[in-house]
Amino acid sequence: MIVGEQKPINEIKEIVAPYKRLLILGCGTCVKTCFAGGEDEVATLASALRLMAKKEGREVKIEEQTVERQCEDEFIQEAAGKIADSDAVLSLACGAGVQALARRFPTTPVLPGVNTTFIGVLESQGLFTEECSGCGDCELAKFGGICPITRCAKKLLNGPCGGSKDGKCEINNDTPCAWQLIIDRLKALGQLDNLKAYSGPKDWRPSNSGGPRKLLREDHVI
Amino acid sequence: MRAVKLACSSMIKDVYLLRAFEAGSDAVVVLACPEGQCRQVTGNLRAKKRVARVQKLLDEIGIDGKRLSLFNIAPQDEKAVAGIVRDTLSDLEGLGPNPAS
């Protein structure tokens with residue numbers, strides 16, 4: 001899932017300051033599961049912004065709505081009515097959702113309320129960890145299901161740097177050494193020989209470094 | 001003074017606490033069962049985390065997190081409740097009315 005964190009309330013206050021009729025639009029998928037932008041977070045933020053406005057003697061009308069996913073037209077359209085009655089939309093979706101909304105409603109300012117950070121998982125209660133960089137050329141089969149591009153600070157493909165201490169990365173000793181994890185996992189799988197094959201320099205063209213990517217499925221175009 | 005009864009303090013969502021202030025409350029007190037005695041095991045611990053989060057948010061928006069508090073009391077302990085209400089009203093003399101009311 002995409003993980004993000006809601007922006008600090010005072011930053012959001014500055015972003016929405018010019019607008020008198022605001023819609024806070026939440027998303028029921030990724031940002032809901034990382035507690036950044038689901039319906040509960042929309043309600044809490046709306047209430048907090050109203051309290052701030054009241055305290056400062058400002059008039060502001062704040063509407064609330066959450067759709068299943070802000071990256072899909074059929075769900076975004078459900079917000080059309082409320083968007084038409086608003087001066088601006090504060091989207092609590094990831095960057096993709098904010099932009100999808102902006103594209104479909106080009107005459108209404110669409111503002112971000114969440115800082116989108118990474119593709120990751122819920123590792124344990126309350127803890128989200130980054131797992132995938134979207135490099136476009138997945139080699140997890142070779143590495144026993146642990147990604148050295150994302151989880152090794154140096155993105156090494158041919159074994160550890162030797163700087164780890166007690167299984168932790170030399171760059172940050174809260175971070176497990178990805179290569180320690182890879183070696184341990186491949187041993188458990190009986191596949192340590194995978195590492196005998198040399199990995200050449202990575203071709204980064206399928207990744208974002210070549211500009212924004214597209215995927216066209218002709219078989220789905222009528 | 002208004003009392004809202006819930007089956008467990010963990011049923012409190014952050015937004016309910018904020019809406020109490022939106023409705024004009026000067027202070028909000030959450031009463032939860034003693035730690036270790038929650039029938040839902042961790043309900044009162046969740047309530048504690050949420051109250052802490054909303055206290056911090058209230059500070060950030062300038063309402064003063066001291067207006068929100070959580071106390072662990074045994075069920076039916078009316079004497080404890082009376083003491084908490086008295087102390088809260090006394091603290092309010094220093095805090096003043098809700099600046100957003």
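**Entry 1: the sheet of chain A**

I began with strand 4 (residues 88-91) of chain A, which three bridges join to strand 5 of chain A in a parallel run. Helices (H or I, at least four residues) and strands (E, at least two) are DSSP runs, numbered from the N terminus. I took two strands as paired if DSSP finds at least two bridges between them. The model is predicted: local features need pLDDT of at least 70, side-chain atom pairs count only at pLDDT 80 or more, and totals for chains, interfaces and linings use all residues. Residues are numbered from 1 along each chain as its sequence is written, and chains are lettered from A and ligands numbered from 1 in the order in which they are written.

I then looked up which residue faces Val89(A), and found Val110(A) in strand 5 of chain A opposite. The open sheet of chain A has four strands in the order 3-2-4-5, with parallel pairing. Strand 3 (61-67) and strand 5 (110-112) of chain A are the edges; each has a single partner strand, so one side of each lacks a neighbour in the sheet. From one strand to the next I noted an average twist of 25 degrees.

**Entry 2: helices across the sheet**

I found helix 1 of chain A lying across strand 2 (21-27), strand 4 and strand 5 of chain A, at about 160 degrees to strand 4 of chain A. Helix 6 (residues 95-104) of chain A also lies across strand 2, strand 4 and strand 5 of chain A, and runs at about 170 degrees to strand 5 of chain A. Axes are lines fitted to C-alpha atoms, for helices over the stretch in contact, and angles run from 0 to 180 degrees between N-to-C directions.

**Entry 3: hairpin and domains of chain A**

I recorded five bridges in the antiparallel sense between strand 6 (residues 114-124) and strand 7 (residues 127-132) of chain A. Val121(A) is opposite Thr129(A) of strand 7 of chain A. Two residues lie between these strands in the hairpin, and Gly126(A) in the turn has a positive phi of about 75 degrees.

Chain A is divided into domain 1 (2-118) and domain 2 (133-205), with bounds from an automatic or database domain assignment. Their centres, taken over C-alpha atoms, are separated by 38 Å.

**Entry 4: where chain A meets chain B**

I found 12 residues of chain A in contact with 14 residues of chain B; contact requires C-beta atoms, placed from the backbone, within 7 Å. Helix 1 (9-16) and helix 3 (39-55) of chain A are the elements giving two or more residues to the chain A side. Helix 3 of chain A gives the most, with 10 residues.

**Entry 5: chain B**

Chain B has three helices and two strands, in the pattern α-β-α-β-α along the sequence. I counted 26% of its 101 residues as buried, that is, with 20 or more other C-beta atoms within 10 Å of their own, C-beta atoms being placed from the backbone.

In helix 1 (residues 14-22) of chain B, the buried residues are Val15(B), Leu17(B), Leu18(B), Ala20(B) and Phe21(B). Their cover includes helix 3 of chain A, as well as strand 1 (28-32), helix 2 (43-61) and strand 2 (68-72) of chain B.

The C-alpha trace of chain B spans about 35 × 25 × 20 Å along its principal axes.

Terms used
Contact = placed C-beta atoms within 7 Å. Buried ≥ 20, exposed ≤ 12 C-beta atoms within 10 Å, placed from the backbone.
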